[in-house]
2 protein chains.
Amino acid sequence: MWQLYQFPLCPFSRKVRLMLGEKGVPHELVRESPWARRDEFLDMNPAGQTPVLAQVGKGTVLIDSVAICEYFEETVDRAPMIPGGAAARAEVRRLVAWFDEKLYGEVVAPMMEERMRKRLVSRDAPDTRILREAMKTANAHLDYIDYLLDHRRWLGGPVLSLVDLAAAAQLSVADYLGGLDWRGHKQTVDWYAVMKSRPSFRPLLSERMEVIAPPAHYDKVDFF
Amino acid sequence: MWQLYQFPLCPFSRKVRLMLGEKGVPHELVRESPWARRDEFLDMNPAGQTPVLAQVGKGTVLIDSVAICEYFEETVDRAPMIPGGAAARAEVRRLVAWFDEKLYGEVVAPMMEERMRKRLVSRDAPDTRILREAMKTANAHLDYIDYLLDHRRWLGGPVLSLVDLAAAAQLSVADYLGGLDWRGHKQTVDWYAVMKSRPSFRPLLSERMEVIAPPAHYDKVDFF
């Protein structure tokens, strides 16, 4: 049995949970707060970041969400998430990197810092200037997703792929923290409603952090 | 023929050049300054980052250094760079991410900003506090590489892999900018001397940026 060391509002933990859900890989969750820098966790992963996947009794430890997703793509045939030929797979990997780096770095990371970590750990007031900037950039990202969906059925191409999981994972954390204004993004809203209704996504959306509550539409498939 | 849009001191361009060199993939170099944000380049890659690989006449465009390396690992059998079974491949991908994210973010990116971009573009003086911090962290990274080499023949395991290329690419940029103190890191020095002598690495080490000169040991295999 795999044990997934994860944090509920870590978008990379969420991406891996969606991947394991789509692939049907049984696993149990172990909650790990990245800022606690617990010694046993640092011994396992010197980077100190979630997610980490450990196979109890077998000694296999998988670290880094990209490496974990590639591992299960290679070892589990069901539900290919990096589908197609080499060029199609390169396009999936390009867009996964886009959402993992750009959407995370420009939008999700500052929202997590201002609306979550400051509240739970340092008890500082959020910096409204940083939050305003992140929400403005979030809108540009939603525009880009609208654009992708104008040209293809799913974000990475004609079929569901890891791109959809990566994007939905990031957006769901920003949405939990009240950082997304969905108005004017019909294509993205329709796509996200479909993602939300997938069995792999339902357990994530039903979880709640202590202290921080999401907006009312957060887990509703029909969200307006 | 592939055209590689790259910047001489971009460590991710260097990683891809080492990969193409090891695999024996013919390509020509097109110099692209990321900070110029040239319209035609942004049309090709909305992220605005090097490297980008375009196949003239065929319309294939590969973006993101991870996606590019995976593409050539899948399509060119020669010189496997993500070798072994699924768990070994996950370890290679973990460490590539470590050097691409941690070594880059904590050491190489601040050195490039302070010692290169400020000199070439904004003409500000470097922030010595930031440089000192980056050089201190560089030393911790060299310690970690020493530790890896105490336990394995190459950085990713028993054979040469993409980990060695990724780490050497990052270190070579920090070294060009005079940011590494190699003393006391015998294991890493010996490994890097072997990397420097590879035919895939020689062309990179012979190039010089205008205005900025590397230290005397930079391209010497026997560097003390």
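Visitor: Which of Tyr192(B) and Phe201(B) are buried?

Guide: Both Tyr192(B) and Phe201(B) are buried, a word that stands for under 20% relative accessible area, with exposed over 50% and partly exposed in between (1.4 Å probe, protein chains only). A word on the source: this is a predicted model, where local features need pLDDT of at least 70, side-chain atom pairs count only at pLDDT 80 or more, and totals for chains, interfaces and linings use all residues. Residues are numbered from 1 along each chain as its sequence is written, chains are lettered from A and ligands numbered from 1 in the order in which they are written, and side-chain values use heavy atoms, without hydrogens and water.

Visitor: How many aromatic pairs does the structure hold over all chains?

Guide: There are 24. Rings of Phe, Tyr and Trp (its six-membered ring) pair if their centres lie within 6.5 Å; planes under 30 degrees apart are stacked, over 60 edge-to-face, and the rest tilted.

Visitor: Why is the pair of Tyr176(A) and Tyr218(A) called edge-to-face?

Guide: Their ring centres are 5.0 Å apart and their planes stand at 80 degrees, so the pair is edge-to-face.

Visitor: What makes this pair tie together parts that are 42 residues apart in sequence?

Guide: Tyr176(A) lies in helix α6 (residues 162-176) of chain A and Tyr218(A) in the segment after α8 (202-206), so such parts are joined. Helices (H or I, at least four residues) and strands (E, at least two) are DSSP runs, numbered from the N terminus.

Visitor: Why does Glu73(A) count as buried?

Guide: Glu73(A) has 13% relative accessibility, so the residue counts as buried. Its place is in helix α3 (residues 65-75) of chain A.
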